[in-house]
Amino acid sequence: MQYSAPATAFPVLRIERRGISARGSFAEAQASYLRPDPRLVQKLDDLLSKKRIGVVAHFYMDPELQGVLASCKHPHIHVSDSLVMADRAVQMAKEGAEHIVVLGVDFMSENVRAMLDVAGFEHVPVYRAAEAEIGCSLAEAAESPAYRAYLERAHSRPHALHVVYINTSLRTKALAEGLVPTITCTSSNVVKTILQAAAQVPEAEIFFGPDTYMGENLKALFTSLLDLDESAIRALHPAHDHASIRALLERYHYFEEGACIVHHMFGEDVARRVREEHPDAFVTAHLEVPGEMFRLGLEAQRVGRGVVGSTSNILDFIVAKVKEAIETGRGDRLEFVLGTESGMVTPIVRKVEALLDEAGRAGKATPTVDIVFPVASEAISTTGEAALPVVPGVASGEGCSVAGGCATCPYMKMNSLRALMDIVERVGEVPAESLSGLYPKHYDEPVFGRSAAELGGVPILHMRAFQAEGKLPPDLERAIRGPREANAG
Ligand code: SF4
């Protein structure tokens, strides 16, 4: 189904109770993937159940793949942000999964491997969807000499804490932990992590990295707290007030040379067009987007018209607004600007469809929900070549393509449906070693005398302890307060 609009408009996916329609070839392709071939779904379901295979996938997966996964009935399939992926893999292993396929980029499969090992499931094999490296521009930025210099600068400070984005390799995490007390974070817990660290160890000097846009956006977010009254700040974190937020800002640093190539596309031009062409839309913006788009989201959030944060925050916001419209009967058309990777649209559509269906059955009026993909006129494209897998430039007419144009991560799209089918068909049928090229990367070289898996797992365990207890674990707090052993050099 298609509906007309100006040729230059952003692609839009329209969700109504009676179905989905699309404007623009990009949105049309997204829509078509939401109704997968039932025979393929059945085949995958049967193989996963028979071979006891669990699948954990990131929200940014290809919509075609997500469409199939969402239609399967196998209980061990989970699509989420990276934080939850590893937890669910452990849960699946506890419930009897004998193999885990990770659909994501390499740092995600490394995390899953590390957490399964910690939980005593070393014997459960983990597979990636490609033998080639499934990289990430942020993870690469953290491998650079510039990042090493940033860490050494942190190492030279007396009470440094390195807050590293989870989108980094285990080797990066190990190197970092060897130099500076380090905790990993995701976009869903980074704000809380930094606020807690600053409250728990007020002398801590916080070094965030490697995502520069997120680093800048966090600074803007903390600065914006100074406009709130004290009670509103305390509602965010009971130990904070204006003075402590000012002190935090004085001790906050971020790395200035790392960007996600996908979120980089949401630049000034996109933000301006969103303002001009969609003045009444709700605006969602991931913490990784450049400043202009982030500010737009932040402004919208202040007046209840938007959200800034993680993929989960974006999904929760859209669901809450649709529910509100159904309950109050106000708003027959809701428009959401999707300021993140387009793979998010699959879980959004599934949730919104379920809400509209439930409301319709209850005899309530249902709104029309438009998801706007604010894609830039420039884009990135995949080349299929190992040496230069990603190049700037548009891949199709509207500056966006399901084959790897703007707002789609070309690394994530290395996880194809074909690759998943191939793995599940081969598991148990071929010698295990013939699948070893799909195992998460193993780092042989020790880092500061310890294995990369062991040392790199420490910052992840710190994050998990923080998630469980709401405060930094005692060993991390001691390390920030106390003198460091000299590893740098
Ligand atoms: S969208 Fe792709 S490039 Fe960007 S952080 Fe995620 S995996 Fe890395």
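Because the model is predicted, local features were considered at pLDDT of at least 70 and side-chain atom pairs only at pLDDT 80 or more, whereas totals for chains, interfaces and linings use all residues. Residues are numbered from 1 along each chain as its sequence is written.

The protein chain contains 19 helices and 16 strands; these are DSSP runs numbered from the N terminus, with helices (H or I) of at least four residues and strands (E) of at least two. Of the 489 residues in the protein chain, 53% are buried. A residue is termed buried if 20 or more other C-beta atoms lie within 10 Å of its own, exposed if 12 or fewer do, and partly exposed in between, with C-beta atoms placed from the backbone. Contacts are defined by C-beta atoms, placed from the backbone, within 7 Å. Among contacts in the protein chain between residues at least 6 apart in sequence, 72% join residues at least 24 apart.

The largest nonpolar core comprises 154 residues, a nonpolar core being a set of buried Ala, Val, Leu, Ile, Met, Phe, Trp, Tyr and Cys residues joined through C-beta atoms within 7 Å. Ala89, Ile100, Val112 and Ile206 touch the most other members of this core. When residues up to four places away in sequence are not counted, Ala89 touches Gly54, Val56, Ile100, Val112, Met115 and Leu116. In soluble globular proteins, nonpolar side chains tend to be buried together.

Strand pairing requires at least two DSSP bridges between two strands. Strand 1 (residues 12-16) and strand 2 (residues 19-23) run antiparallel and are joined by 5 bridges. A hairpin of 2 residues connects strand 1 to strand 2, and Val12 stands opposite Arg23 in strand 2.

Strand 5 (residues 99-103) and strand 6 are paired through 2 bridges in the parallel sense, and Tyr127 in strand 6 is the bridge partner of Val101. Axes here are lines fitted to C-alpha atoms, for helices over the stretch in contact, and angles run from 0 to 180 degrees between N-to-C directions.

Another open sheet has 4 strands in the order 8-7-9-10, and its pairing is parallel. Strand 8 (182-185) and strand 10 (252-254) form the edges, each pairing on one side only. On average, neighbouring strands of this sheet are turned by 25° against each other, direction ignored. Helix 9 (residues 190-200) packs on the sheet and touches strand 7 (160-165), strand 8 and strand 9, with a direction at about 175° to that of strand 7. Strand 9 (residues 205-209) runs parallel to strand 10 and is joined to strand 10 by 3 bridges, with Phe208 having Tyr254 as its bridge partner in strand 10.

Helix 8 (residues 170-179) is largely enclosed by the rest of the structure, because 10 of its 10 residues are buried. The elements that cover these residues include helix 5 (106-118), helix 7 (145-155), strand 7, strand 8 and helix 18 (452-469). Elsewhere, the axes of helix 13 (residues 268-277) and helix 14 (residues 291-302) come within 7 Å and cross at roughly 30°. Glu268, Val270, Ala271, Val274 and Arg275 of helix 13 meet Glu292, Met293 and Leu296 of helix 14. This contact has 5 nonpolar, no polar and 3 charged residues. In this classification Ala, Val, Leu, Ile, Met, Phe, Trp, Tyr, Cys and Pro count as nonpolar, Asp, Glu, Lys and Arg as charged, and the others, Gly among them, as polar.

The ligand is surrounded by 13 residues, of which the closest are Val105, Cys136, Cys260, Val262 and Cys409; a residue is near a molecule if its C-beta atom, placed from the backbone, lies within 6 Å of it. The shell divides into 10 nonpolar, 2 polar and 1 charged residues.

Several backbone features were found in loops. The peptide bond from Gly209 to Pro210 is cis, with omega near 0°, and Pro210 is found in the loop between strand 9 and helix 10 (212-225). Arg52, in the loop between helix 2 (38-50) and strand 3, has a positive phi of about 55° although it is not a glycine. Most residues other than glycine have a negative phi, and most peptide bonds are trans.

Notes: Contact = placed C-beta atoms within 7 Å.
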